[in-house]
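Trainee: I would like to learn how to read a structure. Please take me through one, feature by feature.

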Amino acid sequence: MSPAAIVPQSTQTAPTANTGPNTAQVAQSHEAPVYLTTEPDASFDWKISLKNKVVAITGANRGIGLGIATVCLANEAKEIWSLDLFEPGEEFEALSKAHPKRVHYVQCDVTKEESVIAAIDKIVAHSGRIDGMVANAGMTKHQPALDFDRPQLEQLFNLNVFGAYFCATAAAKKFIELGIKGSIVFTASMTSYRPNRAAPSAPYGGTKGAVRNMAHTLAMEWAKHGIRVNSISPGFVRTQMTYYVEKAPDWNLKMQYYGGMPRLADPKELGGAYVYLLSEGSSYTTGIDIPVAGIVGAW
Ligand SMILES: NC(=O)c1ccc[n+]([C@@H]2O[C@H](COP(=O)([O-])OP(=O)(O)OC[C@H]3O[C@@H](n4cnc5c(N)ncnc54)[C@H](O)[C@@H]3O)[C@@H](O)[C@H]2O)c1
């Protein structure tokens, strides 16, 4: 079966509870929504690949975003665009040099919706399409919950939650406009499930809980457009954000108790999960989170 769109066989009936006359009328007046199916067509080769795909990754100038970009390129992505606030450094330039014309940077502040929209427009003007959006840019702050003031909280929520939301909605609008069955992936965190036992960061965990949670509802809302929305929850990854972890004097002792793999991840070790969710190999995967966290008991 490979029609462009499918219509559910039967119209959903209203739930039995709480069904007064008004609810029944509303249910009857609703037409069955038309769903754009994500099922690949008969020519699909079932290889997990990003061939021909143009992918935007926020905060890909360094750290996890750069690792995701590297693995996307290794898996045939046509182009990677880093949407980042700051100018790229040496690491990004090296990746760009290694993959001529496939790696691009566009200056963007994800906390400003108009900046995200402009960046996506620039990608489409250059490449004619956009297939994936990885809402990855984020920050943390480690200090006791009682010490946070409002500006600090706003900074965290503006970047991690509002920024991710603007990226997802701007990408979804563009996918719909272009008729592209796009994939959106959020970088959440293991702190969205449980506390980071290595450093106090209650507001950060709250932002990442919000990110992981919004993927569920966006996935539900946008399935009819053929847009999939998922998240990935990294554990400890070696980036500037985790500068403190291995320097802790009790690191080795903590490792004994945490169990699992007593080391931080290289950002590239997350990449396969992102490639999977961005590819059509995951055409029936939406609304889930994939935890990638080798240090098992740190959360
Ligand atoms: N490092 C970890 O162990 C870890 C664990 C779990 C989740 N995460 C999440 O992974 C994501 C990436 O983290 P990282 O460790 O690579 O951090 P990082 O600080 O190394 O990289 C963050 C990138 O985001 C960019 N950025 C910051 N503000 C921006 C803005 N307003 N607009 C656009 N870009 C902006 C930065 O310039 C930088 O390139 C974050 O969302 C973080 O919360 C990291």
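Mentor: Two points come before the rest. This is a predicted model, in which local features need pLDDT of at least 70, side-chain atom pairs count only at pLDDT 80 or more, and totals for chains, interfaces and linings use all residues. Residues are numbered from 1 along each chain as its sequence is written.

Trainee: In what order do the strands of the open sheet lie?

Mentor: Strands of a sheet pair through backbone hydrogen bonds, either parallel or antiparallel. Helices (H or I, at least four residues) and strands (E, at least two) are DSSP runs, numbered from the N terminus, and two strands pair if DSSP finds at least two bridges between them. Here seven strands form an open sheet with parallel pairing, in the order β5-β4-β3-β6-β7-β8-β9. Its edge strands, β5 (103–107) and β9 (289–292), each pair on one side only. Between β8 (residues 228–234) and β9 there are four bridges, and Pro234 is opposite Val292 in β9.

Trainee: Which helix packs on β7, β8 and β9?

Mentor: Helix α6 (residues 202–222) does, and its direction makes about 165° with that of β8. For such angles, axes are lines fitted to C-alpha atoms, for helices over the stretch in contact, and angles run from 0 to 180 degrees between N-to-C directions. Two residues are in contact if their C-beta atoms, placed from the backbone, lie within 7 Å.

Trainee: How many residues are in the largest nonpolar core?

Mentor: In soluble globular proteins, nonpolar side chains tend to be buried together. A nonpolar core is a set of buried Ala, Val, Leu, Ile, Met, Phe, Trp, Tyr and Cys residues joined through C-beta atoms within 7 Å. A residue is buried if 20 or more other C-beta atoms lie within 10 Å of its own, exposed if 12 or fewer, and partly exposed in between, with C-beta atoms placed from the backbone. The largest core has 66 residues, and α5 gives the most to this core, with nine residues. Ile80 is among the residues with the most contacts inside it. Leaving aside neighbours within four places in sequence, the contacts of Ile80 include Val55, Ala69 and Cys72.

Trainee: Which helix gives the most to the shell around the ligand?

Mentor: α2 does, with three residues.

Trainee: Why is Met261 classed as partly exposed?

Mentor: Met261 is partly exposed because 14 other C-beta atoms lie within 10 Å. Met261 sits in the loop between α7 (251–258) and α8 (271–278).
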